[in-house]
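Open your viewer and get ready to select. We will go stop by stop.

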Amino acid sequence: MGKLSIGCFSSLIGSMTLDFAVKLAEAARKKGHDVDIWLSGNGTMLSKKGQRKFQDYSSLEKPVTDLIKGGLTMVACEACAEARGQHKEDLLEGCDRKSMDWYLASCFKADRVIHIGGE
């Protein structure tokens, strides 16, 4: 199988880009592919533990946690997270924070790269 590297450049609240990225990662993992997800900008909030679930509003903490346990690699941009007040101790278990160098290396090693979101 191959490796997919997903870059999430999520915009403001209400964007469905993170939902799409998680569904794509889930489908790729089910087919046996390795998947890396890079969270940048507002997308870094997906890596925050203790997300509150609301009725009729996307809640991705559980599916992401399950994917990480199943082998997904999820990394948030350290600078983007800190700029939003999210610190290392706020991360979901199994998620990491690094500089963009990590994402560039992930893309270099990947068979396919997709960027999702952005203005």
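**Stop 1: helix α1**

Select α1 and look for Thr17, Leu18, Asp19, Ala21, Val22, Ala25 and Ala28: these residues are buried (under 20% relative accessible area, with a 1.4 Å probe and protein chains only). This is a predicted model, where local features need pLDDT of at least 70, side-chain atom pairs count only at pLDDT 80 or more, and totals for chains, interfaces and linings use all residues. Residues are numbered from 1 along each chain as its sequence is written, and side-chain values use heavy atoms, leaving out hydrogens and water.

Now show all of α1, residues 17-30. The helix (a DSSP run of H or I, at least four residues; strands are E runs of at least two, and both are numbered from the N terminus) has 14 residues. From first C-alpha to last, α1 reaches 20 Å, close to the 20 Å expected (1.5 Å times one less than the number of residues).

What do the buried residues of α1 pack against? Select β1 (3-10), β2 (34-41), α2 (61-69) and β5 (112-117).

**Stop 2**

Select the five strands. They form an open sheet in the order β4-β3-β2-β1-β5, with parallel pairing (at least two DSSP bridges between two strands). β4 (96-98) and β5 stand at the edges with a single partner strand each, so one side of each has no neighbour in the sheet.

Zoom in on β3 (residues 73-77) and β4, which pair in the parallel sense over three bridges. Find Ala76: its bridge partner in β4 is Arg97.

Note on methods. Buried means under 20% relative accessible area, exposed over 50%, partly exposed in between (1.4 Å probe, protein chains only). Contact means heavy atoms within 4.5 Å.
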